Amino acid sequence: MSRAALDPLARWRDARAFTRLLFGSLIPGDAWLERPIPLRHPFVFYEGHLPAFAVNTLVKRALGRPGVDAGLETLFERGIDPAAPGGEGSPAWPSRDAVTQYVGAADAAVESALVAVRDDPSASPLAKESLNAIFEHELMHQETLLYMLRELPVVRKRVPPGFERPTPGGEPPPRRSLAIPAGRAALGAERSVLPFGWDNEFSRTEVDVPAFTIDEFPVTNADFLEFVKSGGYRERSLWLESDFEWLTSGGITHPHAWRPREGDFCLRTQFEEIPLPPAWPVWVARAEASAYAHFRGRRLPTEAEWHRAAFGRPDGKENLLPWGDGPADPRHGNFGLVRFDPMSVDSFPSGASAFGVRDLVGNGWEWTDSPFLPFPGFQPMESYPSYSTDFFDGKHAVLKGASPVTSAALVRSSLRNWFRTRYPYVFAKFRTAGP
């Protein structure tokens, strides 16, 4: 195991180094005040939010030390993104120089706090939880920044040194469903077993799952193109009424990242546009995924079904990851920032689950049919008590797995992601289920 995996200071420095790369090299300087996604804050918020969150959480709340700048730590403390464009006003953001100065001072204060907690055998549970929370929070928002960056026009992108162009791949594998026998799915985790988890991961909850079928591979661009060309976006019967209103009011006729061109489609990737790769997974909002599933006479899997297909075993036990109990190794899937874009869905046969389901972790988060709700025994975490509770509203759905730009440190069976069901920007694929 690497030093960075063991030392909280080294882990933090590694995470901050990539954030600095994002703001220093990949995000254009003239985009700093822009909102490429109207439902997100501008880039400036996130440059200040990441160190401010660490100061507020670890330095001030956990250790009782003074902060760096009370005004900026309030401004950047926490911003819940609006439900609709223009849903909240824009504050007067500080200058780039002022934010840069704050970031440097905040990083120094956080590093001092990290060393204090690391070297104190009697550090409080709150301090230890906060140490892990600020690290994983940083990794999560790096993914946020990358899907914001993806929305900028190609001509404004700064391609990183050594960037390898995405590989379109060949033809997709045939569509096929696999039978998953009835069994139990152990959702979540026990606090005594998982060294750190977010509050919505607790407590471990066993669910009886009847037999079902699930797609061997995620739905590909080629699969979804059939839905588009058949008029699926115009067929009201396939959609929830509110989802169909979303389509018609927005003039939506295809996935957000697809670009019509000469009677066909191109795909906007992280740094360029390429002809639509047929074997890549399609990335869509859950509303679109659900309509496609109905088009095929199927549905989306529940969180428990997805979990059983991913981690369950024929002998009734469960693996920690689809491929076994080893570490979250990117050799088994497209995650861990090895690349910025998807690959063909059949690229990682070694990542198959015990039931033979492929491409579950990596290549895109996967939508489920389950609303984001607490497990029995839920308790808000002390370091970030509002982390989950604001989103137990029935308007957000659970996603599982990981995307190409999800850190390997976030790949675990209990982790739950969530988004609004008509949010088309997240790197999310899906597969269908049935009887």
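Me: Is Gly-333 buried or exposed?

Reply: This is a predicted model, so the values are computed from predicted coordinates. Gly-333 lies in the loop between H10 and strand E8 (364–371). Buried means under 20% relative accessible area. Gly-333 has 2% relative accessibility, so the class is buried.

Me: What distance separates the C-alpha atoms of Gly-333 and Phe-295?

Reply: Gly-333 and Phe-295 are 38 residues apart along the chain. Their C-alpha atoms are separated by 28 Å.

Me: Which peptide bond is cis, with omega near 0°?

Reply: Most peptide bonds are trans. Look in the loop between strand E2 (183–187) and strand E3 (205–209), where Ser-203 is found. The cis bond runs from Phe-202 to Ser-203.

Me: On to charges. How many salt bridges does the count come to?

Reply: Side chains of opposite charge can pair when their charged atoms come close. The cut-off is a side-chain nitrogen of Lys or Arg within 4 Å of a carboxyl oxygen of Asp or Glu. By this rule the count comes to 31.

Me: How many residues apart in sequence are the parts that Glu-226 and Arg-175 tie together?

Reply: Glu-226 forms a salt bridge with Arg-175, with the closest N and O atoms 3.8 Å apart. Glu-226 lies in helix H7 (residues 221–229), and Arg-175 in the loop between H6 and strand E1 (177–180), so the parts tied together are 51 residues apart in sequence. Glu-226 is partly exposed, with a relative accessible area of 39%. The separation asked for is 51 residues.

Me: Is Arg-298, the salt-bridge partner of Asp-215, buried or exposed?

Reply: The closest N and O atoms of Asp-215 and Arg-298 are 3.6 Å apart. The pair links distant parts of the chain: Asp-215 sits in strand E4 (residues 212–215), and Arg-298 in the loop between helix H9 (286–295) and helix H10 (303–311), 83 residues apart. Asp-215 is buried at 11% relative accessible area. Arg-298 has 19% relative accessibility, so it counts as buried.

Me: What is the relative accessible area of Arg-422, and which class does that give?

Reply: Arg-422 meets Asp-243 in a salt bridge (2.7 Å, N to O). Asp-243 lies in helix H8 (residues 241–250) and Arg-422 in the loop between strand E10 (417–420) and strand E11 (428–429), so the pair ties together parts that are 179 residues apart in sequence. Asp-243 is buried, with a relative accessible area of 6%. Arg-422 has 33%, so the class is partly exposed.

Me: Now the sheets. Which residue in E6 is the bridge partner of Trp-258?

Reply: Three strands form an open antiparallel sheet in the order E5-E6-E7. Its edge strands are strand E5 (258–261) and strand E7 (273–275). E5 and strand E6 (residues 264–268) pair over four bridges. The partner of Trp-258 is Leu-267.

Me: Which residue in E12 stands opposite Thr-213?

Reply: Another open sheet has the order E1-E4-E12, with antiparallel pairing. The edge strands are E1 and strand E12 (433–434). Two bridges join E4 to E12. Opposite Thr-213 stands Gly-434.

Me: Last, which element gives the most to the lining of the largest pocket?

Reply: The largest pocket has a volume of about 1500 Å³. Helix H1 (3–6), helix H2 (8–26) and helix H6 (125–149) each give two or more residues to the lining. The lining divides into 23 nonpolar, 11 polar and eight charged residues. With five residues, the element that gives the most is H6.

Definitions and conventions: Residues are numbered from 1 along each chain as its sequence is written. This is a predicted model: local features need pLDDT of at least 70, side-chain atom pairs count only at pLDDT 80 or more; totals for chains, interfaces and linings use all residues. Side-chain values use heavy atoms; hydrogens and water are left out. On a 1 Å grid over the protein atoms alone, a cavity is a set of points where a 1.4 Å probe fits but cannot get out, and a pocket is an open set with protein on both sides within 12 Å along at least five of seven lines; lining residues have an atom within 4 Å of a point. Grid points are joined across faces, edges and corners, and a volume is the space filled by probe spheres set on the points. Ala, Val, Leu, Ile, Met, Phe, Trp, Tyr, Cys and Pro count as nonpolar, Asp, Glu, Lys and Arg as charged, and the others, Gly among them, as polar. Buried means under 20% relative accessible area, exposed over 50%, partly exposed in between (1.4 Å probe, protein chains only). Two strands pair if DSSP finds at least two bridges between them.
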